[in-house]
Amino acid sequence: MQDAPLSQDKPILAIRDLHLEFHDHGRPEVVVEDLSFELRRAEILGIVGESGSGKSMTALAIAGLLNRHALDCSGTILFDGVDLLHCGRATLRRYQGDEISMIFQEPMTSLDPLQRIGMQVEEALRIHRAELSAAERRKMAIRAMAAAGLPDPEQVYGMYPHELSGGMRQRVMIAAATVLKPQILIADEPTTALDVTTQAQIIALLRTINAEDQTAIVFISHDLSLVRQLCHRVIVMRKGVAVESGASDEVFRNPRHPYTKALVDAIPKVVLER
Amino acid sequence: MVSLRPRALLARVPNRGLFCAGAVITLLVIALVIVGMVWMPYEPTAMSADRLQGVSVAHPLGTDKMGRDILSRVMYGSRITLLVALGTMAIGAGLGILVGAVTGYYGGIVDEVVMRVTDGLFAFPSVLLALVFVSLFGSSTLNVMWALGIAFVPSFARVSRSEVIRCKHLDYVKNARLMGVRDVRVIFVHILPNMRGVLLSNLMIGFNNAVLSEAGLSFLGIGSQPPFASLGQMISEAQEVFFIVPSAVLGPGLVIVLMVLGFSLMGEGLRSEEGRMA
Ligand SMILES: Nc1ncnc2c1ncn2[C@@H]1O[C@H](COP(=O)(O)OP(=O)(O)O)[C@@H](O)[C@H]1O
Ligand SMILES: [Mg+2]
């Protein structure tokens, strides 16, 4: 655990009464219900809950990736004075990759198999910093790759995804997501597909990014021990509803909601007592 | 960037044997066309008194009923047929892929409307559609290309639409959108190159259909105007003398068969079990 950022820091992201409902299979299906929370500057916020509890949908909503044709959305997601849930694609694009980035669970499928690693790390630069020369872009990309802990970034720059291991690809994803030092990084189960050692390395990397660049991280996971190690605050979700939230030490030591209690009891003892 | 090293690409072709056999046949046909552009034994339109000659050293495929050298005419006709097929593909595949990509990517009401229109077009046999087009705008090589090209749009639109729908849910496409990448770039840089396997084998099949449709139209007397003839027209003209000079029919027929066979084999070779390039 690390110290929580100062609580007087004003929130950079405010989610109010987020409500997401599918209506494509005839009967409506509510996947997120009246969810409200704030993300403060430089904070790591965990969202935990069993699978299907609406964590990914919440993440996609913040990232502006929801398919609004298939969904009823209400509420607001306020960032920089703009409601990300209802603004146009052009406005979203201005923030995506620059101020708000996301990494996904599957490092094996998150990279375009036909593009070199360098190209993919530079994508955000080409879009948001079009004025940069190719050489400057390359320099920034390689710096981001080194910061993401990729050994020999100059060489990896010219490789294709299939030449890298899962852990390396997740580092590439992180490099691509953080090349512009966004204010918010959403990580949706970023370590679920990785082995335990790599998992620990990625967690350490996220912590470094948070500490050095003041990047706020929304860390989504169903692994409570990870959340406990990494996050300042935590929200526990169940069936689309936030059942409990608070400082993560507090929530884990002293769970109030029976669902949280059950989750905490399910953490293997070895990890708890470490 | 797509890896374009020939060796690397060939290594990923699921059935290399078939593909290479097809490529060799296709190269043969293309060689025939290219040689014909530089040198032909006779002027393909030059008539002579030696009518309906059989196979000989002077006329390897004999002469037709106007005394024209059939080999020279086959060389010239192959050029027209290949040109029409390529033009048809450029129009049909170009427009079709574009329509399919846009409708598949955006979905919604535009998708509904455009796909219903292409379904309507699809219901007409392409040759019939081309007949209508040509009777409206006149019979010329160029018009046949447009007519067949437009008739081919629906099948390409469908294939590319379903591929785009498959691809747009892939993580790296989502990821690109997340970086703020514009839709046009997402479609052209991240989606289309990744559906090349399916597109390529469909291009091969489409090319064959184009060759055969062109031959069919020519047989009905539609297309380039005499004395210039495509392979189909040559066969049509020669049918009444089949028993006197069989090579007048068999020569152009063989080239059509080779063209279609070459592309079919290449297309088959590109297709893996799931129907896409590995
Ligand atoms: N296209 C869809 N149509 C209907 N329901 C969906 C669709 N996509 C996801 N859901 C539902 O949304 C709920 C929340 O999913 P998700 O946010 O992915 O859960 P989590 O990430 O917490 O595991 C799930 O119950 C899932 O069944
Ligand atoms: Mg999920």
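## A salt bridge between the chains

The side chains of D183(B) and R89(A) form a salt bridge, with an N to O distance of 2.9 Å. The structure that contains this pair is a predicted model. In total, two salt bridges link chain B and chain A. The pair qualifies because a salt bridge needs a side-chain nitrogen of Lys or Arg within 4 Å of a carboxyl oxygen of Asp or Glu.

Polar contacts also join the two chains. Nine residue pairs are in polar contact between chain B and chain A, counting pairs in which both residues have pLDDT 80 or more.

## The side of chain B that touches chain A

Which helices of chain B each supply at least two residues of the side that touches chain A? They are α7 (171-178) and α8 (183-191). The largest share comes from α7(B), with seven residues. By type, this side of chain B divides into ten nonpolar, five polar and eight charged residues.

## Extent of the interface

The contact involves 23 residues of chain B and 30 residues of chain A. The size of an interface is often given as the accessible area lost when the parts come together. For chain B and chain A, the buried area is about 2,300 Å². Carbon and sulfur atoms give 53% of this area.

## The surroundings of ligand 1

How many residues surround ligand 1? There are 13, and the closest are V31(A), G52(A), K55(A), S56(A) and M57(A). The shell is made up of three nonpolar, six polar and four charged residues.

Backbone atoms in chain A come close enough to oxygen atoms of ligand 1 for polar contacts, for which the cut-off is 3.5 Å between N or O atoms. A polar backbone atom of G52(A) is 2.6 Å from an oxygen atom of the ligand. For K55(A), a backbone N or O atom lies 2.9 Å from a ligand oxygen. A polar backbone atom of M57(A) is likewise 2.9 Å from an oxygen atom of ligand 1.

Taken alone, ligand 1 exposes 570 Å², and the protein buries 68% of that.

Note on methods: Residues are numbered from 1 along each chain as its sequence is written. Chains are lettered from A and ligands numbered from 1 in the order in which they are written. This is a predicted model: local features need pLDDT of at least 70, side-chain atom pairs count only at pLDDT 80 or more; totals for chains, interfaces and linings use all residues. Side-chain values use heavy atoms; hydrogens and water are left out. A residue is near a molecule or strand if one of its heavy atoms lies within 4 Å of it. A polar contact is a pair of N or O atoms within 3.5 Å; within protein, one must be able to donate a hydrogen and the other to accept it, and residues adjacent in sequence count only if both atoms are side-chain atoms. Accessible areas come from the Shrake-Rupley method with a 1.4 Å probe; for residues, only the protein chains shown count as cover. Ala, Val, Leu, Ile, Met, Phe, Trp, Tyr, Cys and Pro count as nonpolar, Asp, Glu, Lys and Arg as charged, and the others, Gly among them, as polar. Contact means heavy atoms within 4.5 Å. Buried area is the accessible area (1.4 Å probe) that two parts lose on being put together, summed over both. Helices (H or I, at least four residues) and strands (E, at least two) are DSSP runs, numbered from the N terminus.
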